Amino acid sequence: MYELKTETAFDGAHFLTDYYGKCENLHGHRWRVVAYIGKEALETAGTHKDMVLDFSVFKRTVRAVAEELDHTFLVEEGSLRPETIACLESEGFDLTVLPFRTTAENLATYLFERIAASGLPATCVEVYETPNNCAIYRP
Ligand SMILES: Nc1nc2c(c(=O)[nH]1)N=C([C@H](O)[C@H](O)COP(=O)(O)OP(=O)(O)OP(=O)(O)O)CN2
Ligand SMILES: [Zn+2]
């Protein structure tokens, strides 16, 4: 088994719904994303010969998925009143409404599924919410 790994990061704001502690308040993170792809055998011919995949294709894909979230307010769907969302948007803020509680675990799953949906053989995604705390999704 061969694996490649690449890293990127995105900045954003969020809060955790139904959380009893400081994370129920709006706050920010620089989420660090470490993505892995893997294959049993390397490519045998062409431009990708003896590679799992060209790193440039891999990193471009992971960065593009993370970039969509960058400098947005990650909002769990249904956690804010529609008029609050409308008000924030009318002020010019960029919101990303997601159908899940915005934990590092769920963000790792979401990023994994987006990377896999782009056609890459994703094996694992790690999301660091702080330098010491990381959630890992590996199906
Ligand atoms: N398993 C999880 N636990 C927590 C998550 C999570 O996504 N998965 N998220 C949070 C909050 O988002 C919070 O922002 C993290 O807070 P905390 O760990 O306290 O981080 P700090 O930067 O404040 O760390 P300090 O060590 O207190 O400086 C909470 N838990
Ligand atoms: Zn947080």
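**Group meeting: the ligand shell and the annotated sites**

Let me begin at the ligand, where α3 (104-117), β5 (122-130) and β6 (133-137) each supply at least two residues of the shell around ligand 1; helices (H or I, at least four residues) and strands (E, at least two) are DSSP runs numbered from the N terminus. What you have before you is a predicted model, in which local features need pLDDT of at least 70 and side-chain atom pairs count only at pLDDT 80 or more, while totals for chains, interfaces and linings use all residues. Residues are numbered from 1 along each chain as its sequence is written, and chains are lettered from A and ligands numbered from 1 in the order in which they are written.

The residues surrounding ligand 1 are Leu16, Cys23, His27, Thr103, Ala104, Glu105, Glu129, Thr130, Asn133 and Ala135, where a residue counts as near if its C-beta atom, placed from the backbone, lies within 6 Å of the molecule. That shell divides into 4 nonpolar, 4 polar and 2 charged residues, with Ala, Val, Leu, Ile, Met, Phe, Trp, Tyr, Cys and Pro taken as nonpolar, Asp, Glu, Lys and Arg as charged, and the others, Gly among them, as polar.

Now to the record: an unreviewed UniProt entry lists His14, His27 and His29 under "binding site", and such annotations may be inferred rather than shown by experiment. These residues span 16 residues in sequence, yet no two of their C-alpha atoms are more than 8.1 Å apart, so they gather at one spot.

Is His14 buried or exposed? His14, which lies in strand β1 (residues 2-14), is buried, with 25 other C-beta atoms within 10 Å; the cut-offs are 20 or more such atoms for buried, 12 or fewer for exposed, and partly exposed in between, with C-beta atoms placed from the backbone. His27, by contrast, sits in strand β2 (residues 27-39) and is exposed, having 11 other C-beta atoms within 10 Å. Leaving aside neighbours within four places in sequence, His14 is in contact with Leu74 and Thr102, whereas His27 touches Ala13 and Phe15, a contact being two C-beta atoms, placed from the backbone, within 7 Å.

The "active site" annotation, also from the unreviewed UniProt entry, covers Cys23, His71 and Glu129. His71 is placed in the loop between α1 and β3 (72-76) and counts as partly exposed, with 13 C-beta neighbours inside 10 Å. Glu129, found in strand β5, is also partly exposed, with 19 C-beta neighbours inside 10 Å, and beyond four places in sequence Glu129 is in contact with His29, Trp31 and Ala104.

Let me turn to the helices. In α1, the residues Phe58, Thr61, Val62, Val65 and Ala66 are buried. They cover an arc of only 130 degrees around the axis, which puts them on the same side of α1, the arc being that of the directions from the helix axis to the C-beta atoms. Ser56 and Glu67 are exposed on the other side of α1, and what covers the buried residues includes β1, β2 and α3. Helix α2 (residues 82-90) is hardly covered, with 0 buried residues among its 9.

Finally, the overall picture: the protein has 3 helices and 6 strands, running β-β-α-β-α-β-α-β-β from the N terminus on, and buried residues make up 22% of its 139 residues.
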